[in-house]
Amino acid sequence: MKVLVVGFGNPLYGDDGFGSCLAQYLMRFNNFVYDGNAHGIGILGTLADYDVLIFIDVDVRLPPGAVAVERIEGSLTVQETRLVDAHRAPPSLLVGYLRAMSKNPVARLVAVGPANFEPLSPPSRHILAAANVVLKELTNLLAEYGLELRWEGDPTNAIEECYKRVLEGDNV
Amino acid sequence: MSIKLWIDPITRIEGHLALYADIDSQTKRVKEARTVAMMFRGFEIFLRGRAPEDAIHITSRTCGVCGAAHANASTRACDAAAGMTPYPMGNVLRTMAYAMTDYIYDHPLILNMLEGPDYSEVIVSKLTPSVWEIARTTPTKYSDIHGYRTVADIMIDLNPVTGRLWQLTVKHQRIAREAGVLIYGRHSHPATLIPGGISTDVSNLPSLLQEYYTRLALLLAWVKFVWAIWQELYEFYRDHVSTPDGKSYALTQGKTHDPPVMLAGGWGDDPEIYSKITDEARGDWRELYAKLDVAYNARWEKPGLAIGHEIYSKNPTEIQLGYVEFAESSFYEDWAQKNVAPPYGWLREDPLGRPLVHGDENLLKYHMWNRTTMPKPGAINFAEKYTWAAEPRIVLKDGRIVPIETGPISQLWLNTLHATKVEAAGQKIWESNGSQLKIYLPGGTVNPDLPPGTYGELVITWNLPKYSTTWERLLARAVHLALVAAMGWGALLYAFQLVNEGRTQTSRLWNFGKWPSFSYSFGWWQVPRGNCMHWLVQQNGRIVNYQYEAPTTPNVSPRNNRCRGGWEGQCAGPFELAALNNYVTEETPPDQWTGLDLVRAIRSFDPCLACAVHFETKGEGGRVSNVIEKVVWNVCSL
């Protein structure tokens, strides 16, 4: 089975960028991790190649810092598909599109409750503290498919550095 | 009875454009049409005070689709203002990347995913059932290339999401972007474009070129396939579908100005000539400016302004002398009436000493080098101001003031009227004779997803139409897709030739932040939606004024009363003209009309207004939902 871990979000919008930054960190050690950033339907073609998709994203239904393992259920018909904003498609919408395209990936989500979506703000302490819990849940999920998640160092520092790169332009 | 339609948003993917139309239910004729850009677009305001080279990357962020378009136009403006252009390999890499990331990625996406659904089975069979019946029994002419037996078979595969064409497009747009990213580093905002060069890592150039080739070979088959689909549909709507007054649908519906006013910037700098002008100018930006018309005319696609089938001028520095923008019907203050000059005062001449707007004292303040963006939000009032889109016009030397159309059709139009031919590294790319254009695609292009008819050589012929109509614009985009793929092939061969000659240097030596004490310039670059145009004024390495036209800006212009010399009755952008010149062909009762023909007319331009998008959606898509399996109450973070 082909498995892909996809981090989503935009670090310009506070905690929204958590999934993207964590994915950037994990990509250094794992070739099955992908940074979806805010590319939205632009990565639909990439996702179409996989049997199992595990997303990392925020979920506003959760209290700040709480971590949840979710599964994405249901499907869309053509009448229900709609392209509203190419950059802001949540995982559920992308999975809906894939299923409408006759692809049927298993879709899971490791979600974190955000504290702050303010533009240009750094990650909240709640979301940073959730990083290790997210990694533990990801490890468990990936083990179901015979994959081992690897990383070195402190993921919290890596996420903070990711935000600095984006907000302060260290890499420009 | 009048049927009034308000369609918002009209764009299928993103961007906020609304359409108001008033239709006579008896004659089915559109009586009035207005388009409204619903959101503010004002990057110019925060560009002032920044380094000119930053504009390449800031303007790129105007849009997630046209990112490379703006970056390239801005790069040409920076090249000219800095007084230096890349070495030949730099120019070739710039062309190879752009052929992929915008054109070969974007044209099929626009055709098959954004415009195609309007001609799919689900729409055609529901709204125009008689057309569907004809399509079911109409055999195809190009089945040896696309493999479809009837026109209806194509329409079935154009169904969104489930259709084979929709899904093949998703796959191939990714391949094109991968090829472009080999050079740009990323998409849609290129990381490697710099004034006078390109910063792509060329330490293993043969490998990069090989990676590009493997993708281009697949895509050359793909463009033949896409062209055959749309040529087939064009001929079907030309020969088998009529409007209520008995005329050919393809030749009349969605017509724009009469005669058309076609503007194109050209793209694909000639590797040698665009490099040589820097050597000849010896670091003097004015000298370099004086050679821009030679460089632009040497591009592999040609610049110019045509009125009907006559070329007004082939020279961008001459055309831009009369390029003005008004704010009568749009939500901006009239900066000229308010006497708000740019920080350097009113510019009166171009860098060669020629008077702006041909010396007209009243109008020169509306030239782009003199414009100041001053937003003035208000309610929509069709008698006064009703849109955020400004009003570009061109003042001609004889005093006429004309509206502007731009897009793939305008680029093919100018290529054809130039009556010339373009070759690269011994490969013939295209040639024209004033009324016809021929494009030469290479063979040996095997793509396992497509019929074998796409594997061989193919010559595509395009005849210069009399008017721009909905279907002429769609066909032009498909033909243009083939042309840009041929350019990508020519550029790749040229790159191999440069490698063999050992000429792999890409960029001029440039000290960061070193600019002339004062210089001004412009950069034009034809892109999938039209001519992307940037005007730059810099002083001591800081932008003092930056104005730009997004590719859609001339097309989405509202009406005003500024046109002169025979254009007074059609003084609006092509969107409004195209929507106005329509009959409703929907076969449903008037109270159920959806405006299909009008949206087809406007979507044929690809009316992307992502540059005005600032909203977002969160949440679930339809019946797909996230089910929480377990929650970890992370004590450390609560």
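A crossing of two helices is left-handed if the near helix is turned anticlockwise from the far one by less than a right angle, and right-handed if clockwise. Keep that handy for the tour. What you have open is a predicted model, where local features need pLDDT of at least 70 and side-chain atom pairs count only at pLDDT 80 or more, while totals for chains, interfaces and linings use all residues. Residues are numbered from 1 along each chain as its sequence is written, and chains are lettered from A and ligands numbered from 1 in the order in which they are written.

**Stop 1: two helices in chain B**

Select residues 88–115 of chain B, helix H4, and residues 164–184 of chain B, helix H9. (Helices are DSSP runs of H or I with at least four residues, strands are runs of E with at least two, and both are numbered from the N terminus.) The axes come within 8 Å and cross at roughly 165 degrees; axes are lines fitted to C-alpha atoms, for helices over the stretch in contact, and angles run from 0 to 180 degrees between N-to-C directions. H4(B) and H9(B) are therefore roughly antiparallel (under 35 degrees counts as roughly parallel, over 145 as roughly antiparallel, 65 to 115 as roughly perpendicular and the rest as oblique). Their crossing is left-handed.

Now show side chains. Among the residues that meet are B:Leu93, B:Met96 and B:Tyr105 from H4(B), and B:Trp166, B:His172 and B:Ile183 from H9(B). Contact here means C-beta atoms, placed from the backbone, within 7 Å. The contact residues divide into 15 nonpolar, six polar and one charged. (Ala, Val, Leu, Ile, Met, Phe, Trp, Tyr, Cys and Pro count as nonpolar, Asp, Glu, Lys and Arg as charged, and the others, Gly among them, as polar.)

**Stop 2: over to chain A**

Pick helix H1, residues 18–26 of chain A: nine of its nine residues are buried. (Buried means 20 or more other C-beta atoms within 10 Å of the residue's own, exposed 12 or fewer, partly exposed in between, with C-beta atoms placed from the backbone.)

A:Phe18 and A:Tyr25 of H1(A) are among the contact residues, as are A:Pro155 and A:Tyr163 of H6(A). By class, the count is nine nonpolar, one polar and no charged.

**Stop 3: a sheet with strands from both chains**

Colour the six strands E2(A)-E1(A)-E3(A)-E5(A)-E4(A)-E19(B), which form an open sheet with mixed pairing in that order. E2 (33–37) of chain A and E19 (625–632) of chain B each have a single partner strand, so one side of each is left without a neighbour in the sheet. The twist averages 25 degrees from one strand to the next.

**Stop 4: a hairpin in chain B**

Select residues 427–432 and 436–441 of chain B, antiparallel strands E13 and E14 joined by three bridges. Zoom in on B:Gly434 in the hairpin, with its positive phi near 100 degrees.

**Last stop: B:Pro554**

Buried or exposed? B:Pro554 has 30 C-beta neighbours inside 10 Å, so this proline counts as buried. Its C-alpha atom is separated by 7.7 Å from that of B:Pro403, 151 residues apart along the chain.

Notes. Two residues are in contact if their C-beta atoms, placed from the backbone, lie within 7 Å. Two strands pair if DSSP finds at least two bridges between them.
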